[in-house]
Every structure is written in structure tokens, then in C-alpha cells.
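Hi there,

Here is the structure I promised to pass on to you. Have a look at it first, and then read on for what turned up.

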Amino acid sequence: MPRRVLARIRKWAAGRKAIVVLLAGFAVGIAMLTLAGTTLVHTSSEQFCAFNCHEMATNVAVEYKNTIHDKNRTGVRATCPDCHVPRAPIPLYVRKMGAVNDLWGHLVTHSIDTREKFEAKRQVLAERVWTYMKGNDSRECRYCHSVKNMDPEKQSEKAQARHARAHKEKLTCIDCHFAIAHNEPQGGRGPQELEVDRSIISRGSIF
Amino acid sequence: MFSFIRRIRGLWSNPGSLGVLVGGAAVGVVVFASVGSFMVYANSETFCAESCHEMTVNPAAEYKGTVHDVNRSGVRATCPDCHVPHGYVPNYIAKLGLFSDYWGHFVTNSIDTKEKFEAKRHELAKRVWVYMKENDSRECRHCHTSASMDAERQTPKAVARHERGRNEGLTCIDCHFAIAHKEPDGPGPQELSAANAPKN
């Protein structure tokens with residue numbers, strides 16, 4: 001903050017009763033928190049994620065349309081942030097900091113501003129998301145899909161058998177359920193081929 | 001301790017400073033964060049289903065194993081998803097309605113036994129049905145978007161009934177009632193429309 005502004009605030013505060021200054025500070029505090037909170041809510045909405053930015057609107061958001069998470073029997077949807085923005089405060093803030101990277105790519109390097117550039121980077125980008133999801137045991141999937149509330153009797157026999165096998169082999173959701181909302185990258189590694197270290201601490205507690 | 005009190009009293013006589021301003025901002029942040037966190041906590045399944053005797057032994061127990069609790073995909077809707085509005089203003093109004101719960105819990109003991117709850121079941125259900133009819137099943141629709149329903153994945157019976165529901169100006173709760181709690185004896189939501197709920 002420029003020194004002149006600071007001096008002005010000091011002078012203003014010194015000319016008033018302390019209680020008035022305290023209440024003014026109180027209002028400033030509430031305003032700041034409201035602004036921060038509203039920004040977080042707004043930037044975690046489908047409106048913001050899918051329509052505000054060229055890269056998302058023309059690629060991933062278009063592909064997502066009419067997939068099972070957009071349109072299904074019950075009309076219960078999962079939109080962009082449901083899968084790609086963490087719910088818990090610390091991972092959420094860390095993820096939001098990562099948005100600086102998006103702005104860098106958009107404004108400075110123009111890394112995926114055409115369909116061709118996006119397709120060329122699809123494998124890299126997909127691997128990044130798969131690694132993230134493997135690292136936190138598909139936390140965002142599990143926020144909605146709770147394993148202990150799944151009714152095996154309502155699942156197909158194939159699904160039951162595969163889930164049982166996945167439990168045994170310590171696979172996580174994204175290992176099999178990939179490319180369900182966006183086009184599958186062609187030719188490269190799938191999530192099961194990716195090496196992700198999950199041994200030290202639960203990455204999900206931070207990232 | 002006394003110096004703290006003196007400092008508080010000084011707020012009314014002493015002049016302010018930058019420190020006081022920053023201190024006030026810190027208090028504002030803490031107070032507002034507490035209010036917000038409490039709102040989040042008061043909208044959790046832990047709070048609604050497990051903190052209070054009346055809810056735990058009656059509606060929460062009945063809800064266990066229903067389709068909103070256990071289903072194919074494991075995607076759940078818990079108490080607040082259906083019973084607490086998601087918009088800000090309706091949320092605050094609903095939270096103020098909690099005083100009615102406190103009054104019933106501490107003063108009148110209105111449903112503290114299973115018998116009392118059963119005796120009031122129809123009246124309580126009616127209250128929820130009217131609320132849902134009046135706002136066109138807003139909480140249902142927060143998750144279940146008509147525009148995102150795939151008719152081809154629904155049974156022909158469901159498609160036909162939804163069509164009829166739209167034509168007759170019905171709302172979700174008119175048909176989908178008693179799906180998470182036991183059905184009370186007496187008139188259902190569709191019989192209430194003429195008497196209580198204004199059409200949207």
C-alpha cells in the first residue's frame with residue numbers, strides 16, 4: 001500500500017473515537033471475507049468454468065455436453081467444478097492458486113488457443129488430471145459417489161465383478177472411469193500406466 | 001484482565017489508530033467466518049441426523065436404505081439437500097424457522113416420544129408438502145434438472161407420467177412423496193393443492 005494512503009488512513013483514524021474506527025475495521029473485515037468467498041463460489045460455478053473462457057468453452061465443455069454426467073435418467077448432474085475443484089478448504093485454495101497457470105497460458109504463452117494446439121496437448125493435459133486424481137484416490141469422484149452407499153444389487157453383474165477386482169488390486173475410480181466426460185486421448189498412456197506415488201502421506205490432504 | 005477492561009472502556013474515549021482498524025477487521029473476519037462455518041455445519045448430515053433426538057429416532061432412521069441413501073451409483077441426497085433451501089435468502093429464512101424446533105424440543109416437548117411423533121406425522125408431513133408445493137419442489141430441482149433428464153433412459157411409464165404431470169401443472173412432490181420417510185395416513189400432497197397451496 002502506498003505510504004500516502006496509509007498516512008491518510010492513520011490521520012482519519014486518529015481524528016475519531018476508537019470505537020468508530022473499530023466498527024469501521026469490522027465492516028472492512030466482513031467486506032473482505034464476503035468478497036473472497038463470493039469469488040470462490042463464482043469461480044466454482046459451471047457458468048464461470050464452462051462459458052467464461054475460450055479454451056474451456058470450445059474444447060472440454062463442448063465434449064462434456066450429453067455425457068452421462070450432463071444428461072441421464074434422473075437429471076442429477078455433475079458439472080465442471082464437481083470433478084475438478086476440491087471441496088475441502090486447503091486443497092481448494094491450493095487449486096485456486098493453480099489458476100494462475102491457466103491465466104499464464106491464456107494471456108502470455110497462448111498454449112491452447114486453437115483446436116489444433118489443444119489436440120496436440122490433449123495427452124499431456126489428461127495425464128496431469130489423471131495423476132492428480134490418482135494421487136488423492138479420486139477424491140472428487142468419491143465426494144458424490146460413496147462406495148458404501150452403492151447398492152450392488154442395482155448394478156450389473158459385470159460392474160459388481162469389476163469393482164470387486166478393483167478393490168483387490170487397489171485401483172482407484174479414474175483408473176477405469178477415464179474419458180467418460182471428455183474425448184479420450186489417442187495413442188498415449190492410460191491412467192493405469194501412470195506411476196503415482198501414494199506412499200508417503202495422503203496427497204489428498206494438501207492437493 | 002483489568003487492563004483489558006480498561007482498554008475496552010478506552011474505545012469510547014481514546015482516539016483511534018491504524019492498529020484499532022486492523023484489529024476490527026480481524027474481529028470482523030473471525031465473526032463472519034464463524035457465522036459462515038456454522039451455516040455449513042448446520043447444513044451437514046451429522047448435525048441434522050445425529051445431533052438431535054427427534055430427528056435421529058424418527059425421520060433419519062426411516063431414511064436409511066431409501067433410494068436417496070443407497071442406490072446404484074452411490075450418489076446421495078442427505079437431509080439438508082431436500083429440506084434446506086440452497087439460495088441465500090430462503091436459507092436464512094429456513095434457519096430462523098429452527099426456533100420452532102427449539103421451542104418444540106425444550107418447551108412443549110411436542111414430539112419427544114415415538115407415539116407423539118406418530119400422532120403428529122400427518123400434520124408435519126403436510127407442512128413439508130405445502131412448503132414444497134409452494135416453491136415448485138425447488139429443493140428437488142436443485143439436483144434433478146428436468147432439462148437434463150434423458151427420457152430414453154426412463155421407463156415408458158415414467159415418461160408418460162412426467163408428461164401428464166407437466167400437462168396437469170403438478171410438481172415433483174405431488175407424486176414423489178413418502179420416498180424417504182414413511183407415508184402418513186390421510187390425504188396426500190395432491191389433495192392439498194386446492195385448500196392450501198397457491199399455484200405457481
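A:L22 touches B:L11, B:V20, B:G23 and B:G24, leaving aside residues up to four places away in sequence; two residues are in contact if their C-beta atoms, placed from the backbone, lie within 7 Å. This is a predicted model, where local features need pLDDT of at least 70, side-chain atom pairs count only at pLDDT 80 or more, and totals for chains, interfaces and linings use all residues. Residues are numbered from 1 along each chain as its sequence is written, while chains are lettered from A and ligands numbered from 1 in the order in which they are written.

A:L22 also belongs to the largest nonpolar core, which has nine residues, including A:F26, B:V20 and B:L21. (Such a core is a set of buried Ala, Val, Leu, Ile, Met, Phe, Trp, Tyr and Cys residues joined through C-beta atoms within 7 Å; buried means that 20 or more other C-beta atoms lie within 10 Å of a residue's own.) Helix 2 (18-42) of chain A and helix 2 (18-42) of chain B each supply at least two residues of this core, with helix 2 of chain A giving the most, five residues. Helices here are DSSP runs (H or I, at least four residues), numbered from the N terminus.

As for the contact between the chains, it takes 38 residues from chain A and 37 residues from chain B. On the side of chain B that touches chain A, helix 2 of chain B brings the largest share, 13 residues.

Finally, helix 10 of chain A has twelve residues and zero of them are buried, so this helix lies largely in the open.

Enjoy exploring!
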